[in-house]
Structures are given as structure tokens and as C-alpha cells.
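Please find below a colleague's note on the structure shown here. The points are numbered so that each may be read beside the model.

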Amino acid sequence: GLFMACLTAVAGPALEIALINGFHLYSYTHPVFLGVPTWIPWVYFAGAPAVGNLGRKVSAALLARQPSSRSTSLQQGTNEIRQCGLVQECVWVCMS
């Protein structure tokens, strides 16, 4: 819980700093620290429960998969898409 919230609050803004300063992909209108406003870590901190739940769900789905051939794996991926409720989970599960 708290560890995931702190990790997300640090990793999220760090990634944004890289995207803003390194790749110049976007910018904030009122940046304070390295192109990121001071409220961004709090947004990531508050979103940590969703990140943790998504991680647990994806991990459980990956552990439930059985090793198989490529064609069977494709069929399993299709079945998992039908079963999952989150688009992000489908993407992560089916890409692995």
C-alpha cells in the first residue's frame, strides 16, 4: 500500500521529467521543478491503489497461463481479452 504509493509518486514524475526534458513531448503551463508542477507527485500517490490492483490482476493472469505453442498462445490471448474487464490488462496480458 504505502510503499506502492511512494514508489508511484516518485517513478511517475521521474518518467514525466524524462518525457518533458529529454524528448520534449509535452509541457505544463506552470511548471515548478524540471518542467513538472508540484501537484503531480500527489496525483500519482493518489492513483497508487489503481496501479497496485492492476499489477496484481495482470500478475495473476500471467501466472495462470500455461506454456504452449504459438498458435495455442494466440487462442489463449483471445480468450483472455474476452474475460478481462480493463483495456490496460488486456494489452499487457496479450503482449506477453
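This is a predicted model: local features need pLDDT of at least 70, side-chain atom pairs count only at pLDDT 80 or more; totals for chains, interfaces and linings use all residues.

**Notes on the model**

1. Leaving out neighbours within four places in sequence, V32 makes contact with P37 and T38, where contact means heavy atoms within 4.5 Å. V32 is located in the loop between α1 and α2. With a relative accessibility of 58%, V32 counts as exposed; the classes are buried (under 20% relative accessible area), exposed (over 50%) and partly exposed (in between), using a 1.4 Å probe and protein chains only.

2. Residues are numbered from 1 along each chain as its sequence is written, and side-chain values use heavy atoms, with hydrogens and water left out.

3. The protein has 4 helices and 0 strands, and its pattern along the sequence is α-α-α-α. Helices (H or I, at least four residues) and strands (E, at least two) are DSSP runs, numbered from the N terminus.

4. Of the 96 residues of the protein, 25% count as buried. Where contacts join residues at least 6 apart in sequence, 48% of them link residues at least 24 apart.

5. The loop between α1 and α2 also holds L25. L25 is exposed, because its relative accessible area is 57%. Residues up to four places away in sequence not being counted, L25 touches L19 and I20.

6. Which residues in this loop deserve a look at their backbone angles? H24, in the loop between α1 and α2, has a positive phi of about 55 degrees although it is not a glycine. L34, which lies in that loop too, has a positive phi of about 50 degrees and is likewise not a glycine. H24 counts as exposed because its relative accessibility is 62%, whereas L34 is partly exposed, with a relative accessible area of 48%.

7. Helix α2 (residues 40–64) has 25 residues, so at 1.5 Å a residue it should span 36 Å, and this agrees with the 35 Å between its end C-alpha atoms. The expected span is 1.5 Å times one less than the number of residues.

8. Where does α2 have a kink? A kink of about 45 degrees lies at G47, shortly before the proline P49; the bend is the angle between axes fitted to the seven residues ending at a residue and the seven starting there. The buried residues of α2 include I40, A48, G52, V58 and A61.

9. F3, M4, L7 and V51 make a nonpolar surface patch of about 370 Å². Patches are made of residues with over 30% relative accessible area and no salt bridge, with like charges joined within 9 Å and nonpolar side chains (Val, Leu, Ile, Met, Phe, Trp, Tyr) within 5 Å. A salt bridge is a side-chain nitrogen of Lys or Arg within 4 Å of a carboxyl oxygen of Asp or Glu. Helix α1 (residues 2–22) gives the largest share of the patch, 3 residues. M4 lies in helix α1 and counts as partly exposed because its relative accessibility is 31%.

Key
Accessible areas come from the Shrake-Rupley method with a 1.4 Å probe; for residues, only the protein chains shown count as cover.
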